[in-house]
Amino acid sequence: MTDTPHALATRHVAHDEGQQHPIKLYFVVWVLLFILSAGSYWVDYAQLQGLLRWSLILIFMVLKAGLIIAVFMHMAWERLALIYAILLPPLALIGLLAILIIESDYTAGTRVIELGQGAGAPE
Amino acid sequence: MDHPLQGQDQTLLQQGHSGFAADWSSDQRAFKKVSWGKAMMWILLLSDTFIFACFLVAYLTARSSTNAEWPNASEVFALHIGGRDLPLILIAIMTFVLISSSGTMAMAVNCAYRKARKATAALMFATAALGACFVGMQAFEWSKLISEGVRPWGNPWGAEQFGASFFMITGFHGTHVTIGVIFLIIVALKVWRGEFDRDQRSWMSAGNGDYEAVEIMGLYWHFVDLVWVFIFAFFYLW
(Lines give C-alpha, C1' and ligand atoms only; values in the text may rest on other atoms or scores of the structure.)
Protein backbone atom coordinates (compact mmCIF):
# COMPACT_ATOMS: atom_id res chain seq x y z
CA MET A 1 0.00 0.00 0.00
CA THR A 2 1.30 3.44 -0.78
CA ASP A 3 1.29 5.43 2.42
CA THR A 4 -0.48 8.65 1.57
CA PRO A 5 -0.79 11.07 4.51
CA HIS A 6 -4.46 10.11 4.68
CA ALA A 7 -3.60 6.41 4.86
CA LEU A 8 -1.14 7.00 7.71
CA ALA A 9 -3.62 9.11 9.65
CA THR A 10 -6.56 6.75 9.31
CA ARG A 11 -4.53 3.70 10.33
CA HIS A 12 -3.21 5.49 13.40
CA VAL A 13 -6.67 6.55 14.55
CA ALA A 14 -8.18 3.13 13.90
CA HIS A 15 -5.46 1.57 16.04
CA ASP A 16 -5.99 4.11 18.78
CA GLU A 17 -9.77 3.91 19.06
CA GLY A 18 -10.47 0.29 18.23
CA GLN A 19 -11.09 -2.44 20.76
CA GLN A 20 -10.24 -6.08 20.47
CA HIS A 21 -11.38 -8.87 22.74
CA PRO A 22 -11.14 -12.65 22.51
CA ILE A 23 -14.05 -14.18 20.61
CA LYS A 24 -14.58 -16.64 23.47
CA LEU A 25 -15.84 -13.81 25.66
CA TYR A 26 -18.66 -13.07 23.19
CA PHE A 27 -19.65 -16.74 23.07
CA VAL A 28 -19.76 -16.94 26.87
CA VAL A 29 -21.98 -13.84 27.06
CA TRP A 30 -24.17 -15.14 24.24
CA VAL A 31 -24.74 -18.42 26.09
CA LEU A 32 -25.42 -16.54 29.35
CA LEU A 33 -28.02 -14.38 27.58
CA PHE A 34 -29.74 -17.52 26.28
CA ILE A 35 -29.79 -19.05 29.76
CA LEU A 36 -31.14 -15.85 31.33
CA SER A 37 -33.85 -15.53 28.64
CA ALA A 38 -34.83 -19.16 29.17
CA GLY A 39 -34.99 -18.34 32.89
CA SER A 40 -37.34 -15.41 32.38
CA TYR A 41 -39.56 -17.48 30.08
CA TRP A 42 -39.57 -20.25 32.70
CA VAL A 43 -40.89 -17.72 35.27
CA ASP A 44 -43.99 -17.36 33.10
CA TYR A 45 -44.20 -21.03 32.07
CA ALA A 46 -44.08 -22.20 35.70
CA GLN A 47 -46.75 -19.58 36.52
CA LEU A 48 -44.79 -18.23 39.48
CA GLN A 49 -46.74 -15.50 41.27
CA GLY A 50 -46.22 -12.61 43.63
CA LEU A 51 -42.94 -11.33 44.97
CA LEU A 52 -40.95 -14.32 43.67
CA ARG A 53 -42.17 -13.71 40.10
CA TRP A 54 -41.46 -9.97 40.15
CA SER A 55 -38.04 -10.29 41.77
CA LEU A 56 -36.94 -13.03 39.34
CA ILE A 57 -38.17 -10.98 36.33
CA LEU A 58 -36.22 -7.95 37.54
CA ILE A 59 -33.05 -9.93 38.37
CA PHE A 60 -32.98 -11.64 34.95
CA MET A 61 -33.74 -8.30 33.24
CA VAL A 62 -30.96 -6.41 35.01
CA LEU A 63 -28.41 -9.19 34.39
CA LYS A 64 -29.28 -9.35 30.68
CA ALA A 65 -29.18 -5.57 30.28
CA GLY A 66 -25.87 -5.40 32.15
CA LEU A 67 -24.24 -8.08 29.99
CA ILE A 68 -25.41 -6.45 26.75
CA ILE A 69 -24.23 -2.97 27.76
CA ALA A 70 -20.95 -4.04 29.38
CA VAL A 71 -19.70 -6.64 26.91
CA PHE A 72 -21.62 -6.42 23.61
CA MET A 73 -21.64 -2.61 23.63
CA HIS A 74 -18.09 -2.52 25.11
CA MET A 75 -19.05 -0.11 27.89
CA ALA A 76 -16.85 -2.04 30.36
CA TRP A 77 -13.74 -0.89 28.45
CA GLU A 78 -14.72 2.73 27.89
CA ARG A 79 -13.36 5.63 29.94
CA LEU A 80 -15.36 6.92 32.90
CA ALA A 81 -16.10 10.17 31.01
CA LEU A 82 -18.32 8.26 28.54
CA ILE A 83 -19.70 5.76 31.08
CA TYR A 84 -20.96 8.55 33.36
CA ALA A 85 -22.29 10.68 30.47
CA ILE A 86 -24.42 7.80 29.19
CA LEU A 87 -25.34 5.72 32.24
CA LEU A 88 -26.02 8.40 34.87
CA PRO A 89 -28.74 10.52 33.10
CA PRO A 90 -31.22 7.59 32.94
CA LEU A 91 -31.22 7.58 36.77
CA ALA A 92 -33.49 10.65 36.48
CA LEU A 93 -36.14 8.16 35.34
CA ILE A 94 -36.42 6.92 38.93
CA GLY A 95 -37.88 10.33 39.75
CA LEU A 96 -40.35 10.16 36.86
CA LEU A 97 -41.34 6.66 37.93
CA ALA A 98 -41.91 7.70 41.55
CA ILE A 99 -44.01 10.74 40.58
CA LEU A 100 -46.20 8.73 38.21
CA ILE A 101 -46.71 5.86 40.66
CA ILE A 102 -48.14 8.40 43.14
CA GLU A 103 -50.19 10.02 40.35
CA SER A 104 -51.62 6.71 39.10
CA ASP A 105 -52.59 5.69 42.64
CA TYR A 106 -54.49 8.95 42.94
CA THR A 107 -56.19 8.43 39.54
CA ALA A 108 -57.16 4.88 40.47
CA GLY A 109 -58.62 6.18 43.73
CA THR A 110 -60.73 8.86 42.05
CA ARG A 111 -61.95 6.30 39.50
CA VAL A 112 -63.18 4.03 42.28
CA ILE A 113 -64.96 6.98 43.92
CA GLU A 114 -66.53 8.39 40.73
CA LEU A 115 -67.07 5.30 38.56
CA GLY A 116 -67.16 2.39 40.98
CA GLN A 117 -64.95 -0.68 41.18
CA GLY A 118 -64.19 -2.41 37.87
CA ALA A 119 -65.06 0.57 35.68
CA GLY A 120 -63.53 0.55 32.22
CA ALA A 121 -63.91 -3.17 31.58
CA PRO A 122 -65.72 -4.29 28.40
CA GLU A 123 -69.43 -5.00 28.84
CA MET B 1 1.48 16.01 12.25
CA ASP B 2 0.66 12.34 12.28
CA HIS B 3 -2.33 12.57 14.56
CA PRO B 4 -4.84 14.99 13.06
CA LEU B 5 -7.96 14.05 15.01
CA GLN B 6 -6.61 14.33 18.54
CA GLY B 7 -5.49 17.30 20.58
CA GLN B 8 -3.15 15.35 22.82
CA ASP B 9 -1.22 12.13 23.13
CA GLN B 10 -3.72 9.46 24.12
CA THR B 11 -1.14 7.33 25.88
CA LEU B 12 -0.73 10.00 28.58
CA LEU B 13 -4.38 9.92 29.68
CA GLN B 14 -5.11 9.68 33.38
CA GLN B 15 -7.14 6.78 34.71
CA GLY B 16 -10.00 6.58 37.22
CA HIS B 17 -11.84 9.54 38.64
CA SER B 18 -9.02 12.04 38.14
CA GLY B 19 -9.12 10.94 34.48
CA PHE B 20 -12.87 11.49 34.41
CA ALA B 21 -12.49 15.01 35.83
CA ALA B 22 -9.65 15.77 33.41
CA ASP B 23 -11.66 14.46 30.42
CA TRP B 24 -14.77 16.47 31.18
CA SER B 25 -12.83 19.67 31.79
CA SER B 26 -10.50 19.23 28.83
CA ASP B 27 -10.21 21.19 25.60
CA GLN B 28 -11.84 20.19 22.30
CA ARG B 29 -13.17 16.76 23.22
CA ALA B 30 -14.46 15.16 26.41
CA PHE B 31 -14.65 11.59 25.12
CA LYS B 32 -11.08 10.41 24.59
CA LYS B 33 -10.39 7.18 22.73
CA VAL B 34 -13.90 7.35 21.27
CA SER B 35 -14.46 8.67 17.77
CA TRP B 36 -17.08 11.35 17.24
CA GLY B 37 -19.26 8.85 15.37
CA LYS B 38 -19.33 6.47 18.31
CA ALA B 39 -19.94 9.25 20.83
CA MET B 40 -22.84 10.57 18.71
CA MET B 41 -24.38 7.10 18.46
CA TRP B 42 -24.18 6.78 22.25
CA ILE B 43 -25.91 10.15 22.65
CA LEU B 44 -28.63 9.12 20.17
CA LEU B 45 -29.11 5.92 22.17
CA LEU B 46 -29.32 7.91 25.40
CA SER B 47 -32.13 10.03 23.96
CA ASP B 48 -33.82 6.88 22.64
CA THR B 49 -33.57 5.43 26.15
CA PHE B 50 -35.69 8.32 27.39
CA ILE B 51 -38.26 7.83 24.62
CA PHE B 52 -38.73 4.14 25.39
CA ALA B 53 -38.65 4.84 29.12
CA CYS B 54 -41.47 7.36 28.66
CA PHE B 55 -43.54 4.74 26.84
CA LEU B 56 -42.90 2.14 29.52
CA VAL B 57 -43.65 4.56 32.37
CA ALA B 58 -46.82 5.68 30.55
CA TYR B 59 -47.82 2.03 30.25
CA LEU B 60 -47.15 1.52 33.95
CA THR B 61 -49.27 4.57 34.78
CA ALA B 62 -52.14 3.36 32.58
CA ARG B 63 -51.96 -0.13 34.05
CA SER B 64 -51.84 0.89 37.69
CA SER B 65 -54.49 3.61 37.39
CA THR B 66 -57.18 1.46 35.77
CA ASN B 67 -59.73 -0.36 37.90
CA ALA B 68 -60.48 -2.88 35.18
CA GLU B 69 -58.46 -6.06 35.17
CA TRP B 70 -55.36 -5.99 32.94
CA PRO B 71 -55.44 -8.71 30.23
CA ASN B 72 -53.21 -11.67 31.13
CA ALA B 73 -50.30 -11.45 28.67
CA SER B 74 -49.44 -15.09 29.29
CA GLU B 75 -52.83 -16.12 27.81
CA VAL B 76 -53.18 -13.32 25.25
CA PHE B 77 -49.87 -14.25 23.61
CA ALA B 78 -50.27 -18.01 23.91
CA LEU B 79 -50.19 -20.14 20.75
CA HIS B 80 -51.93 -23.45 20.14
CA ILE B 81 -49.12 -25.78 19.08
CA GLY B 82 -49.15 -29.57 19.05
CA GLY B 83 -52.55 -29.89 20.68
CA ARG B 84 -51.93 -27.60 23.67
CA ASP B 85 -51.66 -23.94 24.51
CA LEU B 86 -48.09 -22.79 25.09
CA PRO B 87 -48.06 -19.54 27.08
CA LEU B 88 -46.14 -16.63 25.57
CA ILE B 89 -44.34 -18.98 23.16
CA LEU B 90 -44.14 -16.58 20.20
CA ILE B 91 -42.66 -13.86 22.40
CA ALA B 92 -40.11 -16.33 23.76
CA ILE B 93 -39.07 -17.32 20.22
CA MET B 94 -38.83 -13.63 19.24
CA THR B 95 -36.60 -13.03 22.28
CA PHE B 96 -34.27 -15.86 21.29
CA VAL B 97 -34.14 -14.67 17.68
CA LEU B 98 -33.19 -11.16 18.79
CA ILE B 99 -30.53 -12.43 21.20
CA SER B 100 -29.10 -14.63 18.44
CA SER B 101 -28.93 -11.59 16.19
CA SER B 102 -27.10 -9.68 18.92
CA GLY B 103 -24.61 -12.54 19.09
CA THR B 104 -23.96 -12.54 15.33
CA MET B 105 -23.62 -8.74 15.47
CA ALA B 106 -21.03 -8.98 18.26
CA MET B 107 -19.11 -11.50 16.12
CA ALA B 108 -19.36 -9.14 13.14
CA VAL B 109 -17.84 -6.31 15.19
CA ASN B 110 -15.08 -8.66 16.35
CA CYS B 111 -14.34 -9.64 12.74
CA ALA B 112 -14.39 -5.97 11.73
CA TYR B 113 -11.57 -5.23 14.19
CA ARG B 114 -9.54 -7.93 12.47
CA LYS B 115 -10.57 -6.46 9.07
CA ALA B 116 -11.95 -9.83 8.00
CA ARG B 117 -14.01 -8.35 5.19
CA LYS B 118 -16.11 -11.31 4.06
CA ALA B 119 -16.75 -12.72 7.54
CA THR B 120 -17.86 -9.28 8.74
CA ALA B 121 -20.29 -8.84 5.84
CA ALA B 122 -21.65 -12.38 6.15
CA LEU B 123 -22.30 -12.02 9.88
CA MET B 124 -24.01 -8.67 9.30
CA PHE B 125 -26.26 -10.23 6.65
CA ALA B 126 -27.08 -13.01 9.15
CA THR B 127 -27.94 -10.34 11.75
CA ALA B 128 -30.19 -8.56 9.24
CA ALA B 129 -31.92 -11.86 8.38
CA LEU B 130 -32.62 -12.61 12.05
CA GLY B 131 -33.87 -9.02 12.49
CA ALA B 132 -36.21 -9.38 9.51
CA CYS B 133 -37.40 -12.68 11.00
CA PHE B 134 -38.20 -10.85 14.24
CA VAL B 135 -40.18 -8.15 12.42
CA GLY B 136 -42.06 -10.87 10.51
CA MET B 137 -43.08 -12.58 13.75
CA GLN B 138 -44.14 -9.23 15.14
CA ALA B 139 -46.34 -8.64 12.09
CA PHE B 140 -47.88 -12.07 12.69
CA GLU B 141 -48.49 -11.20 16.33
CA TRP B 142 -50.09 -7.87 15.42
CA SER B 143 -52.44 -9.40 12.84
CA LYS B 144 -53.41 -12.19 15.27
CA LEU B 145 -54.30 -9.67 17.99
CA ILE B 146 -56.12 -7.37 15.57
CA SER B 147 -58.18 -10.29 14.26
CA GLU B 148 -59.05 -11.14 17.87
CA GLY B 149 -60.44 -7.63 18.31
CA VAL B 150 -57.60 -5.75 20.02
CA ARG B 151 -57.79 -2.04 19.22
CA PRO B 152 -56.02 0.99 20.73
CA TRP B 153 -59.33 1.86 22.42
CA GLY B 154 -60.43 -1.57 23.60
CA ASN B 155 -60.09 -5.34 23.64
CA PRO B 156 -62.22 -8.37 24.59
CA TRP B 157 -60.38 -9.21 27.82
CA GLY B 158 -60.14 -6.21 30.13
CA ALA B 159 -58.58 -2.78 30.57
CA GLU B 160 -59.00 -0.65 27.44
CA GLN B 161 -55.49 0.82 27.74
CA PHE B 162 -53.94 -2.56 26.91
CA GLY B 163 -54.21 -2.12 23.14
CA ALA B 164 -52.86 1.43 23.11
CA SER B 165 -49.85 0.43 25.24
CA PHE B 166 -49.20 -2.68 23.17
CA PHE B 167 -49.33 -1.04 19.74
CA MET B 168 -47.35 2.00 20.87
CA ILE B 169 -44.51 0.14 22.57
CA THR B 170 -44.08 -2.82 20.21
CA GLY B 171 -44.75 -0.62 17.18
CA PHE B 172 -42.00 1.80 18.11
CA HIS B 173 -39.61 -1.04 18.88
CA GLY B 174 -40.49 -2.81 15.62
CA THR B 175 -39.79 0.42 13.73
CA HIS B 176 -36.36 0.54 15.35
CA VAL B 177 -35.67 -3.05 14.33
CA THR B 178 -36.79 -2.32 10.76
CA ILE B 179 -34.53 0.74 10.48
CA GLY B 180 -31.72 -1.38 11.93
CA VAL B 181 -32.23 -4.11 9.32
CA ILE B 182 -32.12 -1.54 6.50
CA PHE B 183 -28.92 0.03 7.81
CA LEU B 184 -27.34 -3.36 8.49
CA ILE B 185 -27.86 -4.26 4.83
CA ILE B 186 -26.44 -0.90 3.68
CA VAL B 187 -23.30 -1.23 5.84
CA ALA B 188 -22.90 -4.94 5.05
CA LEU B 189 -23.05 -4.25 1.30
CA LYS B 190 -20.37 -1.59 1.65
CA VAL B 191 -18.15 -3.97 3.64
CA TRP B 192 -18.77 -6.75 1.13
CA ARG B 193 -17.74 -4.54 -1.80
CA GLY B 194 -14.57 -3.55 0.06
CA GLU B 195 -15.48 0.13 0.17
CA PHE B 196 -13.98 0.51 3.65
CA ASP B 197 -10.62 -0.91 2.57
CA ARG B 198 -9.88 1.61 -0.18
CA ASP B 199 -7.79 4.72 0.37
CA GLN B 200 -10.89 6.81 -0.02
CA ARG B 201 -13.06 8.71 2.41
CA SER B 202 -16.84 8.29 2.41
CA TRP B 203 -19.63 9.36 4.75
CA MET B 204 -19.35 6.10 6.67
CA SER B 205 -15.65 5.42 6.67
CA ALA B 206 -12.32 7.17 6.55
CA GLY B 207 -11.08 4.40 4.28
CA ASN B 208 -7.95 2.25 4.57
CA GLY B 209 -9.63 -0.41 6.69
CA ASP B 210 -11.63 1.93 8.92
CA TYR B 211 -14.42 -0.48 9.88
CA GLU B 212 -15.79 1.66 12.66
CA ALA B 213 -19.21 1.95 10.97
CA VAL B 214 -19.65 -1.73 11.81
CA GLU B 215 -19.09 -1.09 15.50
CA ILE B 216 -21.42 1.94 15.50
CA MET B 217 -24.05 -0.15 13.72
CA GLY B 218 -23.47 -2.79 16.39
CA LEU B 219 -24.14 -0.27 19.17
CA TYR B 220 -27.51 0.54 17.63
CA TRP B 221 -28.39 -3.10 17.12
CA HIS B 222 -27.48 -4.13 20.67
CA PHE B 223 -29.57 -1.23 21.92
CA VAL B 224 -32.60 -2.58 20.05
CA ASP B 225 -32.02 -5.90 21.80
CA LEU B 226 -31.56 -4.07 25.11
CA VAL B 227 -34.91 -2.29 24.76
CA TRP B 228 -36.57 -5.64 24.05
CA VAL B 229 -35.18 -6.98 27.35
CA PHE B 230 -37.15 -4.28 29.18
CA ILE B 231 -40.30 -4.66 27.03
CA PHE B 232 -40.20 -8.42 27.56
CA ALA B 233 -39.91 -8.01 31.33
CA PHE B 234 -42.42 -5.20 31.89
CA PHE B 235 -45.02 -5.72 29.18
CA TYR B 236 -45.08 -9.47 28.55
CA LEU B 237 -43.97 -11.04 31.83
CA TRP B 238 -45.20 -8.63 34.49
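Reader: When does a residue count as buried, exposed or partly exposed?
Author: A residue is buried if 20 or more other C-beta atoms lie within 10 Å of its own, exposed if 12 or fewer do, and partly exposed in between, with the C-beta atoms placed from the backbone. This is a predicted model, where local features need pLDDT of at least 70 and side-chain atom pairs count only at pLDDT 80 or more, while totals for chains, interfaces and linings use all residues. Residues are numbered from 1 along each chain as its sequence is written, and chains are lettered from A and ligands numbered from 1 in the order in which they are written.

Reader: OK, chain A. How many helices and strands?
Author: Chain A has five helices and zero strands. Both kinds of element are DSSP runs numbered from the N terminus: helices are H or I over at least four residues, and strands are E over at least two. The order from the N terminus is α-α-α-α-α.

Reader: What share of chain A is buried?
Author: Of the 123 residues in chain A, 20% are buried.

Reader: Let's look at H3(A). How many residues, and what span?
Author: H3(A) takes in residues 50–72, which is 23 residues. From first C-alpha to last it reaches 32 Å, close to the expected 33 Å at 1.5 Å a residue. The expected span is 1.5 Å times one less than the number of residues.

Reader: Which of its residues are buried?
Author: The buried residues of H3(A) are Ile57(A), Phe60(A), Lys64(A), Leu67(A), Ile68(A), Val71(A) and Phe72(A).

Reader: Why would residues three or four places apart in an α-helix point the same way?
Author: An α-helix has 3.6 residues a turn, so residues three or four places apart point the same way.

Reader: And what do those buried ones pack against?
Author: The buried residues of H3(A) pack against helix H2 (23–45) of chain A, and also against helix H4 (89–113) and H7 of chain B. Two residues are in contact if their C-beta atoms, placed from the backbone, lie within 7 Å.

Reader: Is His74(A) buried or partly exposed?
Author: His74(A) is partly exposed, because it has 19 C-beta neighbours inside 10 Å.

Reader: Which parts of chain A does UniProt call a transmembrane region?
Author: The unreviewed UniProt entry gives residues 25–43, 55–75 and 81–102 of chain A. UniProt positions follow the numbering used here, feature names are shortened, and annotations may be inferred rather than shown by experiment. In the model, residues 25–43 of chain A are 100% helix, with end C-alpha atoms 27 Å apart. Residues 55–75 of chain A are 86% helix and 0% strand, with the ends 26 Å apart.

Reader: Switching to chain B. What's the pattern of elements?
Author: Chain B runs α-α-α-β-β-α-α-α-α along the sequence, with seven helices and two strands. Its C-alpha trace spans about 70 × 40 × 25 Å along the principal axes. Buried residues make up 38% of its 238 residues.

Reader: How do H2(B) and H6(B) pack?
Author: H2(B), residues 36–65, packs with H6(B) at an angle of about 170 degrees, and their axes are 10 Å apart. H2(B) is therefore roughly antiparallel to H6(B). The cut-offs are under 35 degrees for roughly parallel, over 145 for roughly antiparallel, 65 to 115 for roughly perpendicular, and oblique for the rest.

Reader: Which residues make that contact?
Author: From H2(B) they are Phe55(B), Leu56(B), Tyr59(B), Ala62(B) and Arg63(B), and from H6(B) they are Gln161(B), Ser165(B), Met168(B), Ile169(B) and Phe172(B). Seven residues of this contact are nonpolar, two polar and one charged. Ala, Val, Leu, Ile, Met, Phe, Trp, Tyr, Cys and Pro count as nonpolar, Asp, Glu, Lys and Arg as charged, and the others, Gly among them, as polar.

Reader: What about Lys33(B)? Where is it found?
Author: Lys33(B) lies in the loop between helix H1 (16–24) and H2 of chain B. Its phi is near 60 degrees, a positive value in a residue other than glycine. Lys33(B) is partly exposed because 18 other C-beta atoms lie within 10 Å.

Reader: Last one: where is Gly209(B)?
Author: Gly209(B) is in the loop between helix H6 (161–192) and helix H7 (212–237) of chain B. Gly209(B) and Glu195(B) are 14 residues apart in sequence and 8.8 Å apart in space, C-alpha to C-alpha.

Note on methods:
Axes are lines fitted to C-alpha atoms, for helices over the stretch in contact, and angles run from 0 to 180 degrees between N-to-C directions.
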